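Please look at the model first, then read on.

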Amino acid sequence: MILALSPFYRDTWVEVSLTNVYENICNMREYLGSSTRIIAVVKANAYGHGDLEVAKTAIKAGASVLAVAILDEALALRKGGIAEPILVLGVTRPEDAVIAAEHNISLTVFQEDWLQKTKGLQTELPLNIHVKYDTGMNRLGAKTLDELRRIALAVQENPLFSLEGLYTHFATADEIDTIYFDKQYSKFVEAVDMISSLSIEVPIIHCGNSATGLRFPTKLFNAVRMGISMYGLSPSIEMKNILPFELKEAFSLHSRLTHVKEIKAGESISYGATYTAERNEWIGTVPMGYADGWFRRLSNREVLINGERTPILGRICMDQFMIRLPREVEIGTRVTLIGSQLNHTISIDEIASELHTINYEIPCMIGNRVPRVYIENNCIVEVNNPILQFVKQDE
Ligand code: PMH
């Protein structure tokens, strides 16, 4: 079924396998059982995969809540027709709480001052609130049980607020050593016990990210916030060997040769002339560059062409780079920067390791100039080209 095709006019694109996203969620659901809700984390444009498309797939696969970082992302999902519950994980300004209530978007709250400022919210609609407790991440959340108690009671007492959730976030759930995790978990158990001793009903209690869901399925209370594993990536390198089910990578990155030529021994390539050919060789130009998120630091990397690995030569430019061709190859031949060709794969983890970073960062860094093509059961079902979408909105 073709959902929507917004055209693109460049030969560089991301492919997102919605089938793999769907299967990763189904496998997590099966692994955790029906008493654990899936909160699909689609912040940062679904870690670069495309928020609306992933959100729709997640819902189809049984996720019951979506989570984003900021209110703007939540509003974009509503604008895109998503009617399911959405939770904003970051801080929302008190003056924007009315907009959240009007769009039935749940907010994270943990400051008494925030509650004071929104006390007389100018809306008839209740605002759904998830209260956050800081058990050791030291990013967001009430720091003490006393603070948490006062906040929970204040939310409970105001008829404009509806206490929907209580949560925390772990700093080390993906690390083999569990000492810090255990401490955070115990603190959260204390918080849950304290809230229940006040006879406050909280429908959704959640603490786990992907790593927690995969490693500690009995420590999730009644929901898991599933991010990286939904995209088929392991939360850490350490965890790759202990995954309870296979994660299927959804993101791949492709381009096509725009120019092919032979250079002579002694000729150099690209800015700074850092590479000089020792013998005559065939060179291909690839229309992807650091402005697309293919950073200059990847200038020593390889790509795949006709099922073979071949190196990038010279410096990556803003919009293009050059590669060695094993032989003369036709213009238009596919080049795979992330993904598979025949028996070879360049994984997101490989690129992350080259850049001394984590896999989370890689799909996020591939920018808006690169259209996303959505694949379901080996067929293209949707194409999203943000650049031309923006133009359309402005018309
Ligand atoms: N919950 C919160 C509060 C988060 O910040 C994140 C990810 C998740 C759940 C999902 O975690 P997962 O992708 O490991 O499953 N947040 C971030 C972050 O801020 N930087 O990297 C990941």
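An oxygen atom of the ligand sits 2.6 Å from an N or O atom in the side chain of Y47. The model is predicted. The table gives the distances.

| Side chain | Distance from its N or O atom to a ligand oxygen |
|---|---|
| Y47 | 2.6 Å |

On its own, the ligand has 480 Å² of accessible area, and the protein covers 82% of that. The residues around the ligand are V41, K43, Y47, L89, R139, H169, N209, S210, R225, G227, I228 and Y360. By class, five of this shell are nonpolar, four polar and three charged.

Now to helix α4, residues 71-79. Which of its residues are buried? They are L71, E73, A74, L77 and R78. Seen down the axis of α4, these buried residues fall within an arc of 160°, so they line one face of the helix. The general rule is simple: an α-helix has 3.6 residues a turn, so residues three or four places apart point the same way. On the face of α4 turned away from the buried side are the exposed residues D72 and K79.

What do the buried residues of α4 pack against? Their partners include three helices: α2 (43-47), α3 (51-60) and α5 (97-102). Strands β4 (65-68), β5 (86-88) and β6 (105-109) are packed against too. Just after α4 comes G81, with a positive phi of about 95°.

Conventions. Residues are numbered from 1 along each chain as its sequence is written. This is a predicted model: local features need pLDDT of at least 70, side-chain atom pairs count only at pLDDT 80 or more; totals for chains, interfaces and linings use all residues. Side-chain values use heavy atoms; hydrogens and water are left out. Buried means under 20% relative accessible area, exposed over 50%, partly exposed in between (1.4 Å probe, protein chains only). Helices (H or I, at least four residues) and strands (E, at least two) are DSSP runs, numbered from the N terminus. The arc is that of the directions from the helix axis to the C-beta atoms. Contact means heavy atoms within 4.5 Å. A residue is near a molecule or strand if one of its heavy atoms lies within 4 Å of it. A polar contact is a pair of N or O atoms within 3.5 Å; within protein, one must be able to donate a hydrogen and the other to accept it, and residues adjacent in sequence count only if both atoms are side-chain atoms. Accessible areas come from the Shrake-Rupley method with a 1.4 Å probe; for residues, only the protein chains shown count as cover. Ala, Val, Leu, Ile, Met, Phe, Trp, Tyr, Cys and Pro count as nonpolar, Asp, Glu, Lys and Arg as charged, and the others, Gly among them, as polar.
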